[in-house]
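Work through the exercises below with the model open. Each task is followed by a stepwise solution.

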Amino acid sequence: MTRVRTEIRDDVALVDWDDGKANTWSIGSIGDLNAALDEAEKAQAKAIVLRGRERYFSAGFDLKELGRGGATMTAMLRGGAELLMRIYESRTPVVAACTGHALGMGALALLASDIRIGARVDCKIALNESRIAMALPTFATELAEARLSKRHLTRSAILAEIHAPDGAAEAGFLDRVVEPEALRDDALAEARDIASFTGKHVGRTKLLLRRPLIERVRASIEAEFPEP
């Protein structure tokens with residue numbers, strides 16, 4: 001099944017993620033998303049738009065697959081963390097088009113992206129781990145602290161407050177909210193504007209600003225999710 005499709009439009013890579021369900025993070029979908037980023041890199045795209053399916057940007061990790069525990073769970077957590085860092089440190093700016101629900105890893109993908117635009121639809125956006133008896137790993141707490149509003153950090157990251165799109169923008173998960181029919185065009189317009197000036201200088205500035213967090217998270221991945 002093709003879960004992720006990449007279309008190159010001039011200097012922009014439009015990555016559409018649609019698994020027909022809730023766009024969960026599994027070993028398979030993590031591989032598909034990495035392949036899409038590889039394709040964007042090969043095409044020398046100057047900006048990337050990551051868009052979810054209708055109603056679901058991403059509902060987070062595939063809990064059934066995660067529940068297998070052992071090597072499968074470790075591989076998923078490590079793979080997910082590394083993909084988030086790939087987005088966060090990418091020299092090619094990433095625009096997230098949030099089409100609906102963004103929970104757990106879905107919300108973290110928003111925090112890892114450079115620009116986050118959400119559709120004004122009935123959906124939930126949250127780091128909901130505390131509500132399902134899970135603690136946030138280091139890569140999640142680092143991204144939350146870096147991107148969320150300080151005023152909302154405790155309620156959003158520790159107390160798992162659930163946001164509608166406008167509240168998510170206030171908290172820092174999104175930069176702005178648009179009507180759903182305008183989301184795709186708005187995200188592409190943002191990406192085209194970025195592509196018109198981005199280059200090595202943008203990537204260098206991004207890495208200089210984010211290097212301390214990247215180094216901390218990279219070290220935590222090795223410590224918390226060691227490869228067998």
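**Exercise 1.** Classify Arg151: buried or exposed?

Solution. Take the relative accessible area of Arg151, which is 62%. Apply the cut-offs: buried is under 20%, exposed is over 50%, and partly exposed lies in between (1.4 Å probe, protein chains only). Arg151 therefore counts as exposed.

Two notes on the basis. This is a predicted model, where local features need pLDDT of at least 70, side-chain atom pairs count only at pLDDT 80 or more, and totals for chains, interfaces and linings use all residues. Residues are numbered from 1 along each chain as its sequence is written, and side-chain values use heavy atoms, with hydrogens and water left out.

**Exercise 2.** Find the salt-bridge partner of Arg151 and state what the pair ties together.

Solution. A salt bridge needs a side-chain nitrogen of Lys or Arg within 4 Å of a carboxyl oxygen of Asp or Glu. Arg151 meets Glu170 at 2.9 Å, N to O. Now place both residues, with helices (H or I, at least four residues) and strands (E, at least two) taken as DSSP runs numbered from the N terminus. Arg151 sits in the loop between helix H5 (138-147) and helix H6 (153-158), and Glu170 in helix H7 (residues 165-171), so the pair ties together parts 19 residues apart in sequence. Glu170 is partly exposed, at 47%.

**Exercise 3.** Locate the two ends of the salt bridge between Arg51 and Asp16.

Solution. The N to O distance is 2.6 Å. Arg51 belongs to strand S4 (residues 47-51) and Asp16 to strand S2 (residues 12-17), 35 residues apart.
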